[in-house]
Amino acid sequence: MKQKLFINGEWLEGKEFADLFSPYSEEKIAEIPQATEAQVQAAIDAAYENRGVMANLTAYERAEILEKLLDLLTENRLKAAEIISLESAKPLKFSLGEVDRTIETYKFAAEEAKRLHGEMIPMDAARTGANRLAYTLREPIGVVAAITPFNFPLNLVAHKIGPAIAAGNTVVLKPASQTPLSAIFIAELLEQAGLPKGALNLITGSGRLVGDQLVTSDQVSMVTFTGSPEVGIGIRNKAGLKKVALELGSNAGLIIDDGANFEKVIPKCVTGAFSNQGQVCISVQRIYVHENLFESFKVKFKAATEKLVLGDPMNEATDVSTLIAKKEVERAKEWIDEAVAGGGKVVVGGEVENHILQPTILTDVAADLKVSCQEVFAPIVIVNPIKSVDEGIAAINDSKYGLQAGIFTNDIETAMHASRKLEVGGVMINDIPTYRVDQMPYGGVKQSGNAREGLKYTIEEMTEMKLVVWNQE
Ligand code: NAP
């Protein structure tokens, strides 16, 4: 029950603990050590002192550790999914999906470890470049501080640890306070997989305290953060010259053009809006439907949403469970009430049932209300009619966020036009904005972030380019 910190290859006792409760059953599930300042410093020192050990591993050795990790995770698939569901209330079917994606993420990391290379530079293309042989090397950046959110506690840790190991870095990992158990489980598996001591250090405790110490340390070369824009911007402001990669929130939008195939679109919208209770950074939050389809879309989307099963996340039949914390249920309900007071209409849901917020569809919601312009991070989606695709594009772009967007259309010119005009990091044609596989470049513009994840792209961020020039005169 009492968990430990993992520092310099050893599991260390905590001094103070915080109780961890299951969001659904509200039962106490663990006691989590709250790392002291000295323990955080010990974790940073361990990562700093072992940089050379990791940097000296060959690509073969780094890939081998990651391959062993993914074998161990495959053997422990159900156990890992149960941990996710227990600590985060993610319904088990989605937790199993997250474990499968995580296995793939580590697989891509292992493969990318073997593809890490520089390039030849044609020096003699310059007037004074004759007789020079030049090439770049990609060297590990050093200590990576990884700070992760609660909503994908296994796979978003993998998006940081996987590329960091593949690139030959050391890591200090600070998982979200509500979901430390998935991270602890991965640290145990990595130890079994033969990761050198000090290469991964896991510290738990309040983000504000532990996080600050990591972000301001001179021994840390890069901070990689996934979480809310408020915290991300705060980190960026404190980090000084170190590299800071931010993967932040959004209020993802989807356009449905006239003539789109409903049979395909509806089930995707249900998954995109309500899986993991809408606590997905690319959850479908705003749907703009061509006015010719609007009424029938609304009826069919409502009918499909009403079929969702609410309940215990440990039950495989459950589609929707409780949000990560009671105060989040209250906040989301207040946002629904604000939308209704502002003229919005509830198509389905809108109420709290045994502390689970019902999957909620709203319509006629004005653009300046919170459920539209803020990140809702709850099972709430708004559906508004549009006269043209351009009206939908303008509505999606009228946001401080820009992570991913989607459009369903049968017209190739319209698809091409939307892909150019949408101000986001990724455009999904004939798919929902929630679509992601783990090797693709993923990240946002505006307040959605400043980096791209996806193994190859993260590894680029986690390495320094060194130029070597040989004078052969
Ligand atoms: P959060 O509250 O920002 O927390 C994220 C992490 O930051 C946690 O580990 C947290 O620790 C830590 N933290 C809190 N305050 C800190 C500080 N002052 N300095 C350093 N670290 C600090 O986010 P969340 O509620 O866990 O996650 C939801 C957010 O993540 C949403 O906005 C979502 O869109 C975003 N997200 C983005 C992506 C993406 O790839 N773009 C993916 C998933 C989620 P504590 O838990 O101890 O507070």
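Colleague: What volume does the largest pocket have?

Modeller: About 1100 Å³. A pocket here is an open set of points on a 1 Å grid over the protein atoms alone, with protein on both sides within 12 Å along at least five of seven lines; a cavity is a set where a 1.4 Å probe fits but cannot get out, and lining residues have an atom within 4 Å of a point. Points are joined across faces, edges and corners, and the volume is the space filled by probe spheres set on them.

Colleague: Before we go on, what should I keep in mind about the model?

Modeller: It's a predicted model, with local features needing pLDDT of at least 70 and side-chain atom pairs counting only at pLDDT 80 or more, while totals for chains, interfaces and linings use all residues. Residues are numbered from 1 along each chain as its sequence is written, and side-chain values use heavy atoms, with hydrogens and water left out.

Colleague: Fine. Which residues lie nearest the centre of the largest pocket?

Modeller: Pro149, Phe150, Gly227, Ser228 and Val231, out of 43 lining residues.

Colleague: And which element gives the largest share of that lining?

Modeller: H9, with six residues. H8, strand S10 (222-226), helix H9 (229-238) and helix H12 (326-341) each supply at least two. Helices (H or I, at least four residues) and strands (E, at least two) are DSSP runs, numbered from the N terminus.

Colleague: How does the lining of the largest pocket split by class?

Modeller: There are 19 nonpolar, 14 polar and 10 charged residues. Ala, Val, Leu, Ile, Met, Phe, Trp, Tyr, Cys and Pro count as nonpolar, Asp, Glu, Lys and Arg as charged, and the others, Gly among them, as polar.

Colleague: Where does the largest pocket lie relative to the domains?

Modeller: Between them, because domain 1 (5-248 + 449-471) and domain 2 (253-437) both give residues to its lining. Those bounds come from an automatic or database domain assignment.

Colleague: What about the second largest pocket, what's its volume?

Modeller: About 460 Å³. Its lining has 23 residues, with Arg101, Phe152, Ser275, Val280 and Thr434 nearest the centre. Helix H5 (92-113), helix H6 (155-166) and helix H10 (262-274) are the elements that give two or more residues, and H5 has the largest share, five.

Colleague: And where does that second largest pocket lie?

Modeller: Domain 1 and domain 2 both contribute to the lining, so the second largest pocket lies between them. By class, that lining has nine nonpolar, seven polar and seven charged residues.

Colleague: Switching to the interface, how many residues are in contact between domain 1 and domain 2?

Modeller: 26 residues of domain 1 are in contact with 27 residues of domain 2, where contact means heavy atoms within 4.5 Å. The area buried between them is about 2300 Å², and carbon and sulfur atoms give 61% of that. Buried area is the accessible area (1.4 Å probe) that two parts lose on being put together, summed over both.

Colleague: Which residues in domain 1 lose the most area to domain 2?

Modeller: Tyr24, Lys93 and Phe150, together 25% of what the domain 1 side buries. Phe150 is also one of the residues nearest the centre of the largest pocket. The domain centres, taken over C-alpha atoms, are 31 Å apart.

Colleague: OK, cavities. How many are there of 30 Å³ or more?

Modeller: Two. The largest cavity holds about 70 Å³ of space, and of its 15 lining residues the closest to the centre are Arg286, Tyr401, Gly402, Leu403 and Val424. Helix H14 (389-397) and strand S19 (401-402) each supply at least two lining residues.

Colleague: Which helix is alanine 80 in?

Modeller: H4 (residues 77-88). With 2% relative accessibility, alanine 80 counts as buried. Leaving aside neighbours within four places in sequence, alanine 80 is in contact with Leu73, Val99, Leu154 and Phe185.

Technical notes: Buried means under 20% relative accessible area, exposed over 50%, partly exposed in between (1.4 Å probe, protein chains only).
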